[in-house]
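Here is a short briefing on helix packing and on selected residues. Please look at the sequence and the structure first.

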Amino acid sequence: MQKSNVVQMLGRKLTVAYFTSWIFVLLVSLFFTNFGGAIWNAAENYMSSAILVALYAVPAVFLYGILVSSLIEATFAMLKVKGSAEPMVSCSLHVAFGLCYGIVLQSSLFSIMGGGAAALFFSFDRVIVPAILDLKMKNRVISFIAPVLLFVIIVGAIYATAPPKPPFTAKDAVQFATNTIARFPSKEGVIKLQIEGYDVEQETEVEETAEKETYKVVFTERWRKREESGFYQIIYEVSRGSLSARGGSGEHPPYLQTR
């Protein structure tokens with residue numbers, strides 16, 4: 001291939017990789033999203049999924065995808081492969097190398113996704129991108145912006161169909177805190193236990209703070225064994241998705257230290 005043809009081909013492949021990455025990320029991320037379901041933060045979950053997929057897909061498409069597609073096209077040009085069978089053979093090779101990407105990573109999921117991305121890459125390369133590059137500059141710019149607008153529309157649609165954010169209650173705060181300190185009661189109150197001969201009381205308390213939807217969760221543990229007794233308390237400030245220690249007193253129970 002002549003140098004000018006190589007430069008032209010690489011420029012086209014970069015454009016193909018741009019559109020392939022966008023569409024692949026947008027489509028795959030939809031599988032991790034509930035439309036109109038019971039999840040109030042579905043739009044946030046979709047954006048997180050899109051970022052996660054992009055971290056894997058974008059480097060793979062721009063590096064592996066462009067390299068493989070360019071080598072296939074250059075080889076076909078050298079061997080002067082033409083005719084009606086050429087697109088089918090080329091597409092099959094693209095998909096085969098896409099499947100191999102998952103085999104190298106020892107993941108059937110990545111094989112399926114790689115094959116799908118390769119088919120998408122080939123389709124953009126043969127049909128859509130040449131049509132875009134033939135457009136006038138203004139329409140070409142709009143085409144490049146279109147995936148970004150589509151992303152915004154999808155996020156907006158998910159946000160519009162999701163239920164409103166529920167209030168973060170004291171019960172929610174206790175449940176969130178007991179995911180960290182699992183040995184205490186998962187709701188307000190006291191439980192009595194026998195641990196290694198110790199009579200143990202574990203108590204969970206929750207109090208509202210001056211800040212909206214922010215609570216103080218207090219875990220208290222008391223123990224007694226004959227003449228030996230003790231006390232331990234730790235305080236957490238809990239809000240939606242946040243847990244911060246706010247001091248404590250006493251000493252750790254002896255039956256925990258021996259484990």
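Predicted model: local features only at pLDDT ≥ 70, side-chain atom pairs only at ≥ 80, totals over all residues.

Residues are numbered from 1 along each chain as its sequence is written, and side-chain values use heavy atoms, with hydrogens and water left out. Helices (H or I, at least four residues) and strands (E, at least two) are DSSP runs, numbered from the N terminus.

**Helix α2**

- Helix α2 spans residues 42–79 and bends by about 35° at Ala 54. The bend at a residue is the angle between axes fitted to the seven residues ending there and the seven starting there.

**Packing of α2 with α5**

- Two packed helices are described by the angle between their axes and the distance between the axes.
- The axes of α2 and helix α5 (residues 137–161) cross at roughly 145° and come within 8 Å. Axes are lines fitted to C-alpha atoms, for helices over the stretch in contact, and angles run from 0 to 180 degrees between N-to-C directions.
- On the α2 side the contact (heavy atoms within 4.5 Å) is made by Ala 42, Ala 43, Tyr 46, Met 47 and Ala 50, and on the α5 side by Phe 151, Ile 154, Val 155, Ile 158 and Tyr 159.
- By class, this contact of α2 with α5 has 10 nonpolar, no polar and no charged residues. Ala, Val, Leu, Ile, Met, Phe, Trp, Tyr, Cys and Pro count as nonpolar, Asp, Glu, Lys and Arg as charged, and the others, Gly among them, as polar.

**Packing of α2 with α4**

- The axes of α2 and helix α4 (residues 108–133) come within 11 Å and cross at roughly 60°.
- The two helices α2 and α4 are therefore oblique to each other. Angles under 35 degrees count as roughly parallel, over 145 as roughly antiparallel, 65 to 115 as roughly perpendicular and the rest as oblique.
- Tyr 56, Val 61, Gly 65, Ile 66, Ser 69 and Glu 73 of α2 make the contact with Phe 110, Phe 121 and Asp 125 of α4.
- This contact of α2 with α4 has 5 nonpolar, 2 polar and 2 charged residues.

**Buried residues**

- Ser 90 lies in helix α3 (residues 85–104) and counts as buried at 2% relative accessibility. Buried means under 20% relative accessible area, exposed over 50%, partly exposed in between (1.4 Å probe, protein chains only).
- Leaving aside neighbours within four places in sequence, Ser 90 is in contact with Ile 72, Phe 76, Phe 122 and Arg 126.
- Phe 168, in the loop between α5 and α6 (170–178), counts as buried at 7% relative accessibility.
- Not counting residues up to four places away in sequence, Phe 168 touches Ala 173, Glu 213, Tyr 215, Val 238, Ser 239 and Arg 240.
- Phe 168 and Glu 213 are 45 residues apart in sequence and 5.6 Å apart in space, C-alpha to C-alpha.

**Exposed residues**

- Lys 80, in the loop between α2 and α3, is exposed with a relative accessible area of 69%.
- Arg 226 has a positive phi of about 55° although it is not a glycine. Arg 226 is in the loop between β3 (215–225) and β4 (228–239) and counts as exposed at 69% relative accessibility.
- Ala 160 of helix α5 counts as exposed at 63% relative accessibility.
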